[in-house]
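I opened my notebook to keep track of a few things I wanted to look up here.

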Amino acid sequence: MAEAIERFVPDGATVAMGLALEPLIPFAAGHEMTRQRRRDLELVGPISDALFDQLIGAGCVRRVTAAWVGNVSEGLGHCYRRACEHGIPRPLEVHDHSNFSISLALWAAAWNVPSLPTRALLGSDILRTNPGIESKDGLVHVDAVQPDVAIVHVQRADAMGRAHAWGPLGISEEAGLAAKRVIVSCEELVDASVTLSDPNRILLPETKVVGVVHEPGGAHPSPVQGYFRRDHAFYRHYAERSRSVEGFNAWLEEWVMGVSDRSSYMKRIDVDSIRIRHQRLAAPADFGDE
Amino acid sequence: MVAVASREIHDGDLVFVGMRLPVLAYAVARNSHAPTARGLFEVGLMRDQPAGGFLGTMGDPPNVAGALWATRMSNVMALMAQGEVDLGFIGGAEVDRFGNLNTSYVGDPRRPTVKLPGSGGGADIAILSRRWVTLISHERRRLVEKVAFITSPGHGDGSPGWRKRNGLLGGGPVAVITTLAVLRFPEEGGEVCVATVHPGHTVDEVLENTGWDLKVSRDVSETSAPTEAELAAIRRFDPDGFWTRSSVTKG
C-alpha cells in the first residue's frame with residue numbers, strides 16, 4: 001500500500017474513495033496517505049463513513065466534493081465540523097452534492113461530456129453553494145468531476161487488476177471509469193483463472209488499474225460482504241474520541257501514525273468478533289461457449 | 001416515533017428507506033400492516049423481507065443477503081427519477097412550516113455556526129419520490145420559522161403549486177413526525193398543521209417547542225399507541241435499543 005500511495009497519490013490529487021457507500025471503504029489507503037502526510041487533497045465520494053472525517057482531521061484535505069460527510073451510525077463528523085466552522089486544523093472548501101448528483105458528475109466525466117442534466121436538486125440551495133451545479137431551462141446541469149485516482153477495496157482481485165466486487169456497488173463504476181487511474185485493494189489475491197471465470201463480476205477495466213494491493217482487513221471498520229461485519233463499536237469509539245482536537249490527535253497517533261501498516265493494525269483488532277463465518281454461495285454461472 | 005413512522009408505509013409501497021430510523025420503521029411495517037411493501041436503498045439494494053440481523057447502516061451484510069437486487073446507485077435513482085418510488089424518509093436537523101429541510105449549514109454557508117453532514121440522498125428523495133416524511137426531534141431550534149439552507153425542498157415558499165411551478169417531480173412532504181406529535185400537510189401542499197399528539201404530551205407542549213405559530217387541526221387527537229405487533233417488531237429488529245433508545249440524538 002505504501003508504494004501505491006507513494007506512486008499514484010501525490011499532494012494536491014483528487015482522490016475518489018468510499019464509493020460503495022458504507023461497505024468496502026478503503027480505510028487502509030486513507031491511513032497510508034495520512035502516514036505519508038499528503039496535503040491539499042480533494043476528496044470525492046458519496047457519503048464517506050468516517051474516512052473523510054479522519055483525513056480532514058489529519059490536515060490532508062483542501063476540498064471535499066461529496067453528498068454527506070459524517071459517521072453513519074453515530075451522526076456528525078467532528079473533524080469535518082471543526083474544519084468548516086473554525087478552520088481547524090485548516091480551512092476546508094466544500095462542494096456540496098446529493099448522492100444522485102455526485103453519481104452524475106462522475107458519469108459525465110466517465111462519458112467525457114462537460115455536464116449531465118437531471119431533475120434532482122431543483123429547488124435545493126445546493127445550487128447556490130456548488131459552482132459546478134446550475135439550473136437552466138427547467139433542469140439542473142451537473143458538471144463533470146474527474147478524479148485523478150479512484151481507490152476501491154474489493155473481495156478479490158488478480159495481479160492484473162481484475163477486481164471482483166459483490167454486494168451493492170454505489171458509485172464505484174462511474175468513479176472508476178471517470179478516474180485517470182484506479183488502485184485496487186483486496187481481501188484475497190487470486191489467480192486470473194478465478195476472476196476470468198466470471199467476467200461479469202469484474203468491476204472495472206484492467207486498463208484503468210495501475211496498482212493492486214493485497215490488503216486483508218483493508219476496509220475495517222466498514223463491512224465486506226462474505227468477510228467482515230461492520231465494526232459498529234469501532235465507529236462509536238472513533239466518534240467519542242474525535243469530539244475534541246486532543247482526543248482526535250491521540251486517536252490518530254494510536255490507530256494511524258503509530259501503526260506501521262495494515263497487518264500491524266489488524267493484530268490489534270478483535271477479528272473474531274467481526275469475521276463472517278457462514279457461507280452463502282451464489283449459484284455458479286455457465287459461460288459455456290460450444 | 002418508529003411505530004408512527006412505520007404507519008406511513010402503505011401495503012404495496014416501494015419505499016426509499018435510506019439510513020437510520022427508517023430502516024427500523026420499514027422492518028416494523030413489513031412485519032405488521034405492509035407485508036408486500038418493498039424497500040430501496042441508495043447504496044444499491046432492493047429488498048422485500050427486512051434483514052435478518054441488526055443493521056447499523058443500510059450497507060451491512062445482513063441487508064445484502066437475501067436482497068431482491070444488488071446493483072449500482074444510479075440504477076436505484078433511475079426508478080425514483082421515473083416516479084416509481086411511493087414513499088421516502090428523510091431525517092433533518094431543521095425543518096420549517098412548509099416542510100423544507102436543512103441538513104447542510106446552520107448560519108452562513110461561507111462561515112457556518114454548525115456544519116451538518118449534508119444531503120446524502122435526502123435532496124433526491126425530496127424532489128423525486130411521490131411523497132415523503134420527515135423524522136425529527138421536536139425542539140424549537142429544529143422546528144424553525146425559516147430554515148437557514150434548503151437542502152431538501154418541501155413546499156418551498158408555501159404558495160399553491162410551488163413544486164409544480166419549479167419542476168419538482170414528486171408531491172413533496174406529507175408529514176413531519178416528531179418526538180411529540182404528527183404534523184401533516186394539506187393535500188395540495190402549503191403549511192404543516194398538528195394532526196395528532198403522542199400519548200403523554202399536550203398541544204401546548206407541542207406549540208411551546210415549535211419556532212413558529214404552528215397551526216392545530218380542528219380535529220386534533222391523540223396518536224395511537226404502538227400496537228403489540230409493532231412493539232414486537234421493534235424489539236426483534238432493535239434488540240439492544242441502539243436506534244430506539246438514542247434516536248433523538250442521532251438526528
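**Entry: a strand pair in chain B.** I looked up B:Ile177 and found B:Val182 of strand E12 of chain B standing opposite. This is a predicted model, so I read every value as computed from it. The strands concerned are E11 (residues 173-178) and E12 (residues 181-184) of chain B, which pair in the antiparallel sense over three bridges.

**Entry: the sheet around that pair.** Next I traced the sheet in chain B. I noted ten strands in an open sheet with mixed pairing, in the order E4-E3-E2-E1-E5-E10-E11-E12-E13-E14. Which strands stand at the edges? I found strand E4 (69-70) and strand E14 (215-222) of chain B there, and each has a single partner strand, so one side of each is left without a neighbour in the sheet.

**Entry: two helices within chain B.** I then turned to helix H2 (residues 21-30) and helix H8 (residues 228-237) of chain B, which pack at an angle of about 130 degrees with their axes 9 Å apart. I logged the crossing of H2(B) past H8(B) as right-handed. H2(B) brings B:Leu24, B:Ala27 and B:Val28 to the contact, while H8(B) brings B:Glu230, B:Ala233, B:Ile234 and B:Phe237. By class, I have six nonpolar residues, no polar ones and one charged residue in this contact.

**Entry: where the chains meet.** How many residues of each chain are in contact with the other? I have 48 residues of chain A in contact with 46 residues of chain B. On the chain A side, at least two residues each come from strand E5 (75-76), helix H4 (78-86), helix H5 (99-110), helix H6 (126-129) and helix H7 (172-178).

Entry: Last, I checked H5(A) against helix H4 (residues 73-81) of chain B: their axes come within 10 Å and cross at roughly 120 degrees. H5(A) and H4(B) are therefore oblique to each other, and H5(A) passes H4(B) in a left-handed crossing. I listed A:Asn99, A:Phe100, A:Ser103 and A:Trp107 from H5(A), with B:Met73, B:Ser74 and B:Met77 from H4(B), as making the contact. The classes in the contact of H5(A) with H4(B) are four nonpolar, three polar and no charged residues.

Conventions: Residues are numbered from 1 along each chain as its sequence is written. Chains are lettered from A and ligands numbered from 1 in the order in which they are written. This is a predicted model: local features need pLDDT of at least 70, side-chain atom pairs count only at pLDDT 80 or more; totals for chains, interfaces and linings use all residues. Two residues are in contact if their C-beta atoms, placed from the backbone, lie within 7 Å. Helices (H or I, at least four residues) and strands (E, at least two) are DSSP runs, numbered from the N terminus. Axes are lines fitted to C-alpha atoms, for helices over the stretch in contact, and angles run from 0 to 180 degrees between N-to-C directions. Angles under 35 degrees count as roughly parallel, over 145 as roughly antiparallel, 65 to 115 as roughly perpendicular and the rest as oblique. A crossing is left-handed if the near helix is turned anticlockwise from the far one by less than a right angle, and right-handed if clockwise. Ala, Val, Leu, Ile, Met, Phe, Trp, Tyr, Cys and Pro count as nonpolar, Asp, Glu, Lys and Arg as charged, and the others, Gly among them, as polar. Two strands pair if DSSP finds at least two bridges between them.
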